[in-house]
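Hi,

Here is the structure I promised to pass on. Have a look at it first, then read my notes below.

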Amino acid sequence: MIDRMASPHQFRLDLLAYRPLRALVSSLAFPIALQAMALAGVLLFIWNAWGVGQGHSGAEIMTLRKTNLTTLSVWGLWWPGMIALALALGRAWCTVCPMELANRAGDALARRVGWPRARFGRWLRAGWLVVVAYLVLQVLVAGVSIHRVPHFTAVMLIALLAGALAAGLAFREPRAFCKGLCPAGGLLSVYGRYTPAQLDVRDPEVCAGCKTRDCVAQENRNRFDKRSCPSLLRPYARAQSDGCVLCFQCAKVCPYGNIAFGLARPTAGVRRHRLLEPSEAAFVLFAAGFVAHEVIGEVKWLDEFFHAVPTALQRLAPAVGFGWFEALWFLVLFPLVLWSVAAVVARASSGRQSVRTLLLAAATGAAPAVAVAHLAKSAAKVASWGGFLPLAVADPAGVETLRQLSAKTLAQPARWVGLPLLGWAMLILLVLVAWRSVRWIREASGESARAAYSGFAVTTAFFAAALLVWPWA
Ligand code: SF4
Ligand code: SF4
């Protein structure tokens, strides 16, 4: 079944060399049919959650978030699944994401009507609004519990779809939403770096001799299918953090079939490690706080200890909800403490580099440990929420299930996997990733290596200590 004509120079395993997979990716329906199915799923989730959860007590909402099919699927399965998928297969979620479809629809409509559209400024192009969108999402999670109240989750999904459509209508930049506004963009870009499963050219020499360069040609840009890269990338010069969303249009349009996807060799262009972009580094700095809050939240006594600061702050202003102080703590104050420690260690070990360089390098060194800790929390969430899935399928609104669980006429579903086992498994993964990180840091950071090791050491030690508590919870 493997096309032996192919010469997988940059790949150990090229999945597109398997004819059935290549045929699938080459079909007119790929990926648009998958995106349309995902869009239908999102619309069903909105319909299912609309109006549900209002008027319930806080204690009821804590159960309803797991019995309602929308909140269970979005926050208990999809979000953790996306983190795992990014670490295993890069930005594979983007292949089927319905937001790209909505953005494309807005873009096509605006082009047809021909109204004037804005260009991306430097700030948007650099991805800073992606970081802001992530922070806004986390503040809303802590402050108004959009992840717990089904109706609020429905509103969030509508806002995302509307935002993607509006971005296509308002900006000339192709894939404006994916590049400049998607709240998951930073996470997907940073976590998607570490997997060897990547898209790149199979043989760089074929591209060097290619006269037509169909993958970047202007005349292929606005076709329905077999387009030149819609993200305006150069597929023959891929690099980490370039924003590739794995749409496979370059694989469709390349006349030599020179695009590969699979296990890329460490020497492949896309796997050459380099420092994070500034906006990605900012994402890591904030995400470290959020992930710490999540990982620690699995152990009650540790959670109370960790949240002593927001608890004390709330005593000063009891009229303000605890969630707002919680967000202030884990998104601002705690990261400030963590990164001040990393910056001091980095400064002491690296001499007189600028704070910006130190933080960029420290965040690059820290990112793999943050990613593993995020995966650990995701696994814990799926393990504790997954048992609710059959109940949520049988009663998608989840209100009747909530009533039966409250009346104790229905037993609480058991966890799929215990926290101690997950704790050990994630600690082993953290150690393995830490071992690999040493090479990644050496490759990525050059003169800033010591600062990168500081970020690596501080976060790895912190998350290892937090995970070490899980087996004894
Ligand atoms: S990927 Fe294909 S179309 Fe693009 S430069 Fe290489 S050979 Fe040419
Ligand atoms: S390089 Fe461009 S065309 Fe190719 S998969 Fe990535 S985003 Fe799509």
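What follows is a short tour of what turned up in it.

First, some ground rules: this is a predicted model, where local features need pLDDT of at least 70 and side-chain atom pairs count only at pLDDT 80 or more, while totals for chains, interfaces and linings use all residues. Residues are numbered from 1 along each chain as its sequence is written, chains are lettered from A and ligands numbered from 1 in the order in which they are written, and side-chain values use heavy atoms, with hydrogens and water left out.

Let's start with ligand 2. Its surroundings consist of 13 residues, and the closest are Cys229, Cys244, Cys247, Phe248 and Cys250 (to be near, a residue needs a heavy atom within 4 Å). Sorted by class, that shell has ten nonpolar, two polar and one charged residues. Here Ala, Val, Leu, Ile, Met, Phe, Trp, Tyr, Cys and Pro are nonpolar, Asp, Glu, Lys and Arg are charged, and the others, Gly among them, are polar.

Now zoom in on Cys229, in the loop between α12 and α13 (helices are DSSP runs of H or I, at least four residues, and strands are runs of E, at least two, numbered from the N terminus). Cys229 counts as buried because its relative accessibility is 9%; buried means under 20% relative accessible area, exposed over 50%, and partly exposed in between, using a 1.4 Å probe and protein chains only. Cys229 and Cys244 are 15 residues apart in sequence, and their C-alpha atoms are 9.0 Å apart in space. Not counting residues up to four places away in sequence, Cys229 touches Cys215, Arg221 and Pro235 (contact means heavy atoms within 4.5 Å).

Phe248 sits in that loop between α12 and α13 too. Which ring does Phe248 pair with? Phe261, in an edge-to-face pair with 5.5 Å centre to centre and 85° between the planes. Rings of Phe, Tyr and Trp (its six-membered ring) pair if their centres lie within 6.5 Å; planes under 30 degrees apart are stacked, over 60 edge-to-face, and the rest tilted. Phe261 belongs to strand β3 (residues 259-264), 13 residues away from Phe248. Both are buried, Phe248 at 7% and Phe261 at 10%. In the whole structure, the search finds 17 aromatic pairs, and ring pairs also link Tyr134, Tyr191, Phe283, Phe290 and Phe330 into a cluster.

On to the backbone. Most residues other than glycine have a negative phi, and most peptide bonds are trans. Phe248 has a positive phi, near 65°, and Leu232 has one near 60°. There is also a cis peptide bond between Phe30 and Pro31, with omega about -5°.

Finally, the nonpolar cores. A core is a set of buried Ala, Val, Leu, Ile, Met, Phe, Trp, Tyr and Cys residues joined through side-chain atoms within 4.5 Å. The largest has 99 residues, and Tyr191, Val284 and Trp470 touch the most other members. Helix α18 (residues 355-385) gives the largest share of this core, 15 residues. Apart from it lies another core of 19 residues, including Cys215, Leu233, Cys244 and Phe261.

Happy exploring!
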